[in-house]
Amino acid sequence: MLNEKVKDLLNDQINKELYSAYLYMQFANYYEEKGLSGFANWYNIQVQEEKDHAMLMRQYMQMHGDAIVLEAIAKPDAVLKEPMDALKAGFAHEQYVTGLINNIYSAAYDVKDFGTMQFLDWFVKEQVEEENNASTLIQKMELFGGDPKGLYMLDQECAARVYTAPSLVLG
Ligand code: FEO
């Protein structure tokens with residue numbers, strides 16, 4: 001069994017990861033509606049990754065014999081008026097998630113739960129990657145997105161992204 005606070009935070013994080021999937025689904029829907037199917041692909045892969053994150057946390061809790069309480073997933077309500085909006089909302093969201101992961105890490109540290117710290121190491125690294133991916137996309141959009149040809153090329157680049165299963169595998 002995990003420490004009560006660590007367990008509650010992990011349980012809550014499952015909900016947050018599923019919300020992230022839901023938010024990115026909103027983004028993918030937006031891009032699909034705008035005819036930017038490459039960006040839609042990029043966010044559809046994000047959806048899959050967020051579901052993976054939730055499932056890994058669920059599995060980790062189950063390995064410790066802790067019960068999981070599933071709560072309602074909030075409605076994604078990003079205001080998307082132009083293609084850049086989702087990218088910026090996505091980057092801000094990943095920064096928020098980094099804070100949440102750090103918070104769980106800190107709770108595990110306080111009770112010397114080294115197992116959870118080691119488990120979370122993967123997520124700490126993943127968040128660096130998530131933030132970097134999001135900010136790189138913003139930078140490219142700033143550079144090339146103002147021109148229809150540039151936007152088309154960027155959409156093609158996003159279309160080439162492929163899903164890869166998480167490198168973290170639990171027992
Ligand atoms: Fe689950 Fe995008 O971090």
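Tutor: The largest cavity holds about 50 Å³ of space. On a 1 Å grid over the protein atoms alone, a cavity is a set of points where a 1.4 Å probe fits but cannot get out. Grid points are joined across faces, edges and corners, and the volume is the space filled by probe spheres set on the points. This is a predicted model, in which local features need pLDDT of at least 70 and side-chain atom pairs count only at pLDDT 80 or more, while totals for chains, interfaces and linings use all residues. Residues are numbered from 1 along each chain as its sequence is written, and side-chain values use heavy atoms, with hydrogens and water left out.

Student: How many cavities of 30 Å³ or more are there?
Tutor: The count is one.

Student: Which residues line the largest cavity?
Tutor: The lining consists of Tyr24, Trp42, Tyr43, Gln46, Gly90, Phe91, Glu94, Glu130, Asn133 and Ala134, where a lining residue has an atom within 4 Å of a point. Helix 2 (37-63), helix 3 and helix 4 (114-144) each give two or more residues to this lining. Helices are DSSP runs of H or I with at least four residues, numbered from the N terminus.

Student: What is the lining of that cavity by class?
Tutor: It has five nonpolar, three polar and two charged residues. Ala, Val, Leu, Ile, Met, Phe, Trp, Tyr, Cys and Pro count as nonpolar, Asp, Glu, Lys and Arg as charged, and the others, Gly among them, as polar.

Student: And what is the volume of the largest pocket?
Tutor: The largest pocket has a volume of about 220 Å³. A pocket is an open set of points with protein on both sides within 12 Å along at least five of seven lines. Its lining has 14 residues, with Glu49, Trp122, Glu126, Glu129 and Pro166 nearest the centre. Helix 4 gives the most, five residues. By class, the pocket lining divides into four nonpolar, four polar and six charged residues.

Student: Changing topic, which residues does UniProt annotate as "binding site"?
Tutor: The unreviewed UniProt entry gives that annotation to Glu17, Glu50, His53, Glu94 and Gln127. UniProt positions are given in the numbering used here, feature names are shortened, and annotations may be inferred rather than shown by experiment. The annotated residues are spread over 111 residues of sequence, yet they cluster in space, with a largest C-alpha distance of 13.0 Å. From this set, Glu94 is in the lining of the largest cavity.

Student: Is glutamate 50 buried or exposed?
Tutor: Glutamate 50 counts as buried because its relative accessibility is 1%; buried means under 20% relative accessible area, with a 1.4 Å probe and protein chains only. Glutamate 50 belongs to helix 2. Not counting residues up to four places away in sequence, glutamate 50 touches Glu17, Ser20, Ala21, Tyr24, Glu94 and Glu130, contact being heavy atoms within 4.5 Å.

Student: Why does histidine 53 count as buried?
Tutor: Histidine 53 counts as buried because its relative accessibility is 2%. Histidine 53 also lies in helix 2. Apart from neighbours within four places in sequence, histidine 53 is in contact with Glu17, Trp122, Phe123, Glu126 and Glu130.

Student: Lastly, how many residues does helix 3 have?
Tutor: Helix 3 (residues 83-110) has 28 residues and reaches 42 Å from its first C-alpha to its last, close to the 40 Å expected at 1.5 Å a residue. The expected span is 1.5 Å times one less than the number of residues. Lysine 112, which follows helix 3, has a positive phi, near 55°.

Methods: Buried means under 20% relative accessible area, exposed over 50%, partly exposed in between (1.4 Å probe, protein chains only).
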